[in-house]
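Trainee: I've got a structure open and would like to learn how to read it. Could you walk me through it?

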Amino acid sequence: MSQSTVLYDTPGPRARRLYRIIGALTVIGLIVLGYVVVNTLADNGQLEYEGVWEPFVTPAFLEILWGGLLDTLRAAVFAIIGALIFGVIFGIGKLSEHRFVRWPCWLIVEFFRAVPLLILIVFLWSLYSLQLDRSFQALVIGLVLYNGSVLAEVFRAGINAVPKGQAEAAYALGMRKYQVMGSILMPQAVKIMLPSIISQCIVALKDTSLGFVILAPGLTTVGRQIWRQFGNYLATALVLLVIYLVINLLLDWLGRWVERRYTGGRRLDVSAVGVLGEQERLAQAQVEAARQTATMGGSGVGGTTG
Amino acid sequence: MDALTENWDIILEGFLKTLQLLVGAGALALVVGTVIAMFRVSPVPVLRRTGAVYVAIFRNSPLLVLLLITYYGLPQLGINPSFYWKIVLAMGLYTAAFVAESLRSGINGIPLGQAEASRSLGFTFGQSMTQVVLPQAFRNVVPPLASVFIALTKNTSLAMSFGIAEAAFRMKGLINDYAADRWTIFIGIALGYIIIVEAISLGAALLERRWRAER
């Protein structure tokens, strides 16, 4: 980060010395913090092998964890595929010229974006009479509805981001509407949308952890099985955290790479969660656009939250 | 409808708890998030790196797993705050990462020329900060911060699985008791959340309009 910012000038020799001192103090502070953490862990017997970390080096438990990871990934993959389909349909629906198509699409998208995912999942599960073997479906359907609604906004904004002249030229060539959409607008929009889609994958993957509440198969439910047996709550939760972190950081990195590779740092921001009005969304896009020009080539920001 | 009308008092109580969580976690997130954002825009490389690591970790962790750590994990270290604080701690630290990102983008969104112009007018660092940079930064930050708080509102529902009787918890209980009415219960509770969410985005829109008029 050598680019200049609005906040401070290029440092002179005195400022540089000051920065080095602050830097050194921070490092010392972090080391002390790390020491305190490790010490607290050790004092409370959290660093012992037996009964705490043992399950995570035992093949049988690693297998269970691996199974949980596969279930989690399965849920995330189904959710993303479903959400993409949902997003395309409702994103295009929201752009329809017909009010009777546009309006219901708008309502559905706004509703599922505004409602907490967890109550949606619990409700869906209750429709299955709370059957345990249906909890996976409830989780995946919930994820599809929520992430699909967010992606619908992404698609709509992505299509709107393609310069208007493109569609006009295609119509002038005599193309029909579905041809304009399918062969002109969508291919260009997808390129702009890719980073947003990848950050939505992170959101979906994080949200698979909600399966915990309805006992859906997946990492968090497996975690509950492990600590039920060993009582090693902290160690188990930390292992789950690390697994999620590793996958998400890889996805994050992939998103940035795609962003650099395919969009030249241009980024579409429709990660606004909830029911923001058109005006706010526009303003947010402006902020994001402004940020991009200010920190050209800086690191991209992932989607807001899940 | 009976399920809602007969139980409106516990539903209201549930939403009160939701708001309590929102306020507690929101305040913590604002404080920690502001510190992290200052780290991230500071001229000291170590601080910038620290802020970046914080954001990367908390933005990519599932909130539920963080809640597992504070709720079940902290007591194992002999740290035993009340239920409410355990939930607020995880939600606040998680949300802080997003607050920090919003603030940072708001500050970085100001064109460099603004600072250059104020410097060339002879403003000191303090003057250009308070007169030129920060007022614009606040305005830039309103819409993204509003979406962070909207997301937090929805995330408070996760407290349900940790024995906090907030709105989502009440919904689950009511669905168990009045299985036939589950559609009404769901729509009713959902509307409650939508009202909170709309209130936040309305507030943000008003703030923005007011600040825009001063431009």
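Trainee: How many residue pairs are in polar contact between chain A and chain B?

Mentor: A polar contact is a pair of N or O atoms within 3.5 Å; within protein, one must be able to donate a hydrogen and the other to accept it, and residues adjacent in sequence count only if both atoms are side-chain atoms. Here the count is 11 residue pairs, both residues at pLDDT 80 or more. Keep in mind that this is a predicted model: local features need pLDDT of at least 70, side-chain atom pairs count only at pLDDT 80 or more, and totals for chains, interfaces and linings use all residues. Residues are numbered from 1 along each chain as its sequence is written, chains are lettered from A and ligands numbered from 1 in the order written, and side-chain values use heavy atoms, with hydrogens and water left out.

Trainee: Which residues form a salt bridge, and how far apart are the closest N and O atoms?

Mentor: The rule asks for a side-chain nitrogen of Lys or Arg within 4 Å of a carboxyl oxygen of Asp or Glu. It finds one across this interface: Asp252(A) pairs with Arg59(B), with the closest N and O atoms 3.5 Å apart.

Trainee: Which element gives the most to the side of chain A that touches chain B?

Mentor: Helices are DSSP runs (H or I, at least four residues), numbered from the N terminus. The top contributor is α11(A), with 12 residues. By class, that side of chain A has 44 nonpolar, 23 polar and seven charged residues. Nonpolar covers Ala, Val, Leu, Ile, Met, Phe, Trp, Tyr, Cys and Pro; charged covers Asp, Glu, Lys and Arg; the others, Gly among them, are polar.

Trainee: What is the area buried between chain A and chain B?

Mentor: Buried area is the accessible area (1.4 Å probe) that two parts lose on being put together, summed over both. Here that is about 6,600 Å², and carbon and sulfur atoms give 71% of it. In chain A, Val6(A), Leu7(A) and Phe123(A) lose the most area to chain B, together 11% of what that side buries.

Trainee: And which residues of helix α8 of chain B are buried?

Mentor: Buried means under 20% relative accessible area (1.4 Å probe, protein chains only). In α8(B), residues 167-177, they are Ala167(B), Ala168(B), Arg170(B), Met171(B), Leu174(B) and Ile175(B). They sit on the same side of α8(B) because they cover an arc of only 155° around the axis, taken from the directions from the helix axis to the C-beta atoms.

Definitions and conventions:
Buried means under 20% relative accessible area, exposed over 50%, partly exposed in between (1.4 Å probe, protein chains only). Helices (H or I, at least four residues) and strands (E, at least two) are DSSP runs, numbered from the N terminus.
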